[in-house]
Amino acid sequence: ANRMYQLKDGSVAVTATMSTEEFDESFPDRGTGYNFAKGGMMDSWGDVPGARIEDVRTGWPTIAPYGAEGEILVNHTSGLNYWIREKAGQGQWDGPYSIPNPEGLEYPYSLSWPRVATSGPNNDIIHVVCAAQHSLSADEMVNAQFYCRSTDGQNWEVGYSPLAETDEHLNLYSADDYSIATNGDVVAIAYTAVFYGHAIVMKSTDNGQTWER
């Protein structure tokens, strides 16, 4: 789920959904726990986090390197939020910023369950895959797959995932049925469904501008 990454110097950042509430199953303080190991050395981890990063209730944290030395954290509340900082493992997080929900579609989707990855020579192109659900009735749900892209960390292109090219973006894959990875300018999204969909990899060699199956 892209909840950790490693830098070229060996340093490792990790995230997890955390709460300090032991007996409240609603977990009102649910949020992102974070830790960082400089150089990847096991004795360089920080203390076990005693509180979440955010001051709002979130879930499904996902993290990636961003820019020359920084990192980006994405999670969901009522939609997707993200935080950025200039130096990985150090300093204050800048945020939250919002990835806008899609507009002009048949249903008012609210994006959730994100995965983030970055590409380009400076890790400055952000890619987020996610899903959304819309209830038509007590017995019928629409599941939709989405892809979000930003080249400046502020403005976002948000729309259906590349699966829309073959009409496989609706009701075949649900929350957490996807993963994303990058290598230079190459971006790959893997979709795997429990019951109905095929195992599919969608690949882009131009930082998410065009895709092939």
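This report covers a strand hairpin, the nonpolar cores and the salt bridges of one structure. The model is predicted.

**Hairpin**

Strand E4 spans residues 59-66, and seven of its eight residues are buried. E4 pairs with strand E5 (residues 70-77) in the antiparallel sense, over six bridges. Pro65 has Glu71 in E5 as its bridge partner. Three residues separate the two strands of this hairpin. In the turn, Gly67 has a positive phi of about 75°.

**Cores**

The largest nonpolar core has 20 residues. Ile72, Ile99 and Val128 have the most contacts inside it. E4, E5, E6 (79-85), E9 (125-137) and E10 (140-150) each give two or more residues to this core. Beyond its neighbours within four places in sequence, Ile99 is in contact with residues including Val74, Leu80, Val128 and Trp156. Another core, of 16 residues, lies apart from the largest one. Among its members are Tyr173, Tyr178, Ile189 and Tyr191.

**Salt bridges**

The structure holds six salt bridges.

Asp9 is partly exposed, at 44% relative accessible area.

Glu71 lies in E5 and Arg85 in E6, so their bridge ties parts 14 residues apart in sequence. Glu71 is buried at 0% relative accessibility, and Arg85 is buried at 8%.

Arg213 and Glu168 are 45 residues apart. Arg213 is exposed, with a relative accessible area of 54%, whereas Glu168 is buried at 11%.

Note on methods: Residues numbered from 1 in each chain as written. Predicted model: local features only at pLDDT ≥ 70, side-chain atom pairs only at ≥ 80, totals over all residues. Heavy atoms only, no water. Buried < 20%, exposed > 50% of the residue type's maximum accessible area, 1.4 Å probe, protein only. Helix = DSSP H or I, 4+ residues; strand = E, 2+ residues; numbered from the N terminus. Pairing = 2+ DSSP bridges. Core = buried A, V, L, I, M, F, W, Y, C linked by side-chain atoms within 4.5 Å. Contact = heavy atoms within 4.5 Å. Salt bridge = Lys/Arg side-chain N within 4 Å of Asp/Glu carboxyl O.
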